[in-house]
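Biologist: I am new to this model. Please show me how to read it, one feature at a time.

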Amino acid sequence: MKYTYKIANLRCAHCAAQMEHSINKLPGVQRATINMISEKMVIEMDEKDFSAIHDNAMKIIRRIEPHVKVEII
């Protein structure tokens, strides 16, 4: 299942790459991509793992860039 997120205020390409790399390491994530131009993140995962992956992805994002706003769309 693909879940799409809007990511606002992400201005650092290196930080986006760090987030993407770390989220891709989470158990249950098949693929995660962050596109700074469109301000979107897409995570492909098993639907049953959504809650744990979502929570851990938000922790990763806040650790790397605390000012970034994320919402699922």
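Biologist: Which residues does methionine 19 touch, not counting residues up to four places away in sequence?

Modeller: Contact means heavy atoms within 4.5 Å. By that rule, methionine 19 touches Leu10, Ile34, Ile60, Ile61, Ile64 and Glu65. The C-alpha atoms of methionine 19 and isoleucine 61 are separated by 6.0 Å, though the two are 42 residues apart along the chain.

Biologist: What should I know about the model and its numbering?

Modeller: The model is predicted: local features need pLDDT of at least 70, side-chain atom pairs count only at pLDDT 80 or more, and totals for chains, interfaces and linings use all residues. Residues are numbered from 1 along each chain as its sequence is written, and side-chain values use heavy atoms, with hydrogens and water left out.

Biologist: Is methionine 19 buried or exposed?

Modeller: Buried means under 20% relative accessible area, exposed over 50%, and partly exposed in between, with a 1.4 Å probe and protein chains only. Methionine 19 has 0% relative accessibility, so it counts as buried.

Biologist: Where does methionine 19 lie?

Modeller: In helix H1. Helices (H or I, at least four residues) and strands (E, at least two) are DSSP runs, numbered from the N terminus.

Biologist: How do I check the length of a helix?

Modeller: Compare its span with the expected one, which is 1.5 Å times one less than its number of residues. H1 has 12 residues and should span 16 Å; its end C-alpha atoms are 16 Å apart, which agrees.

Biologist: Which residues of H1 are buried?

Modeller: Cys15, Ala16, Met19 and Ile23. They cover an arc of only 100° around the axis, so they sit on the same side of H1. The arc is that of the directions from the helix axis to the C-beta atoms. The face turned away from that buried side carries the exposed residues Ala13 and His14. The cover over the buried residues of H1 includes E2, E3 and H2.

Biologist: Now take H2. Which of its residues are buried?

Modeller: Ile53, Ala57, Met58, Ile60, Ile61 and Ile64. Seen down the axis of H2, these buried residues fall within an arc of 160°, so they line one face of the helix. On the other side of H2, Lys59 and Arg63 are exposed. Helix H2 runs over residues 50–64, 15 residues in total. From first C-alpha to last it reaches 21 Å, close to the 21 Å expected.

Biologist: What covers the buried residues of H2?

Modeller: The cover includes strand E1 (2–8), helix H1 (13–24), strand E2 (29–35), strand E3 (40–45) and strand E4 (69–72).

Biologist: How large is the largest cavity?

Modeller: A cavity is a set of points, on a 1 Å grid over the protein atoms alone, where a 1.4 Å probe fits but cannot get out; lining residues have an atom within 4 Å of a point. The largest cavity has a volume of about 30 Å³. Ile7, Leu10, Ile34, Asn35, Met36, Glu39 and Lys40 line it.

Methods: 1 Å grid on protein atoms, 1.4 Å probe; cavity = no way out; pocket = protein on both sides within 12 Å on 5 of 7 lines; lining within 4 Å. Points joined across faces, edges and corners; volume = space filled by probe spheres on them.
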